[in-house]
Amino acid sequence: MSGFGPIDVACTIHVARVGLLDDKRGPALTLKFHDGEELSISTENAHNIDRFITRPALCEYVPKHRTTKATDAGLVMVSNSPSYLLRLWPPFLNKLLYATDAGLRTFLWIGELPDGLEKPSSQACFESVQVTQHHRQLRSFYDSRHGVAPRGFDKMDETASNHYVKMPAVLAALAAPGIEGVYYVDLDAVTRYPWTVDPLFASEHTNKFSDVSFKYGFVEGADNSGTLRWKVHGSRFYARNSIKGRAFFANWFSNRCTFKDQYSLWHTILNFAASEGCVDYAGEIYSKLRYLDAKHLKQDKALKDFPMLVLDCAHIDEKCPRFPFANVGGDSCDVHPPRLIDQVYHHTIPQEGHGTFEVPLSSSTLIVENACISTVGTPLVNTTRCEHTDSLRAHVERLGIPARWNS
């Protein structure tokens, strides 16, 4: 992680204007740094601010008033640039409100991967099946340096996406005074207003069974005992401020490989499991499977051809009871997935021209993303039913912003 150089960490966020409905000046916020410097960000200057390309910042939002006392747990979000933050301004404000109600301290990382860290550094990645046998070019909307130019994995120019900034962001947040664990959700995750905070939303943190937690596949009413625990997504997780918790995210970053961070995530989880005696894993995700092969691997094929990848409840109970990964059962493996601030979930962008709103301002037009927001607020409903509105006012009202924001 030393390749990042200086990172501003004693930084606070101050929302100056919501700027979405009746204020034609648009959104505005100020970042205050430990040395007294203040940086004002608005729609007028966001696209010209380039300091975060070379010097990332982790800034904490401290609300003026808290109805719920802040705990020792945090919520971490990531934006590669000020412009991208404003594009997802409504979901960002929505999560600030929810986190305040939940007693979570809220952190935002703004910054890119430094040039020297855009490429993988592990020999296992360079020799992986995905790199040596697969050629794919992807475009990244999120990279403020490359715009829409092709980015991805080329046999001669292996480049990882800036999705990997979430690992240093989490490690920086875990280093904040008083923080004992953090949750991460993508910046476009939202929750429907009005909400009542789930009293067990932080059980993964308070139970102290896990150093690291991700959600794996779970089907209600089915036998989930054979679920492969490493088949997870990197868009939502929990990290404890422990030796194993911090090491996991440092290793995930060191293992970076391919545009998507899942390939290296699965490899890192299985390495963690091997270190705890759960499986006899020796890098087979990289050496034997491409990304799509691993993504679609079923338990029966794993049992037959890749026994070293079979990380399920039976193996955990037999070989590594109390394995501190997504452990909700304590001394014995439980098939139910961990609670990871489930009320705040990753939304789907509506299709057929409904994916964005244009907000006319006095000097420009702000483009913000629309969102599918389910009535129940569960990932399952969200993937099967897209409830959205074509009215910006109705959209931000569903996020609780006009009702709750008084800055």
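Is the crossing of helix 6 and helix 8 left-handed or right-handed? The views below take up that pair of helices in a predicted model.

View 1. The protein chain has 407 residues, and 55% of them count as buried. Its fold includes 16 helices and 16 strands. Among contacts with a separation of 6 or more, 73% link residues 24 or more positions apart. The accessible surface comes to about 17,500 Å², and carbon and sulfur atoms supply 51% of that area.

**View 2. Helix 6 and helix 8 cross each other.** Two packed helices are described by the angle between their axes and the distance between the axes. Here, helix 6 spans residues 166-174 and helix 8 spans residues 243-254. Their axes lie 9 Å apart, at an angle of about 155 degrees. Angles over 145 degrees count as roughly antiparallel, and helix 6 and helix 8 are therefore roughly antiparallel to each other. As for the opening question, the crossing of helix 6 and helix 8 is left-handed.

**View 3. Side by side, the two helices touch.** From helix 6, look for Lys166, Met167, Pro168, Val170, Leu171 and Leu174. They meet Arg246, Phe249, Ala250, Trp252 and Phe253 of helix 8. Sorted by type, the residues of this contact are nine nonpolar, two charged and no polar.

View 4. How many of the residues of helix 6 are buried? Nine of the nine are, so helix 6 is largely enclosed by the rest of the structure. Among these buried residues are Ala169, Ala172 and Ala173, and Lys166 is another on the list.

Key: Residues are numbered from 1 along each chain as its sequence is written. This is a predicted model: local features need pLDDT of at least 70, side-chain atom pairs count only at pLDDT 80 or more; totals for chains, interfaces and linings use all residues. Side-chain values use heavy atoms; hydrogens and water are left out. Axes are lines fitted to C-alpha atoms, for helices over the stretch in contact, and angles run from 0 to 180 degrees between N-to-C directions. Helices (H or I, at least four residues) and strands (E, at least two) are DSSP runs, numbered from the N terminus. Angles under 35 degrees count as roughly parallel, over 145 as roughly antiparallel, 65 to 115 as roughly perpendicular and the rest as oblique. A crossing is left-handed if the near helix is turned anticlockwise from the far one by less than a right angle, and right-handed if clockwise. Contact means heavy atoms within 4.5 Å. Ala, Val, Leu, Ile, Met, Phe, Trp, Tyr, Cys and Pro count as nonpolar, Asp, Glu, Lys and Arg as charged, and the others, Gly among them, as polar. Buried means under 20% relative accessible area, exposed over 50%, partly exposed in between (1.4 Å probe, protein chains only). Accessible areas come from the Shrake-Rupley method with a 1.4 Å probe; for residues, only the protein chains shown count as cover.
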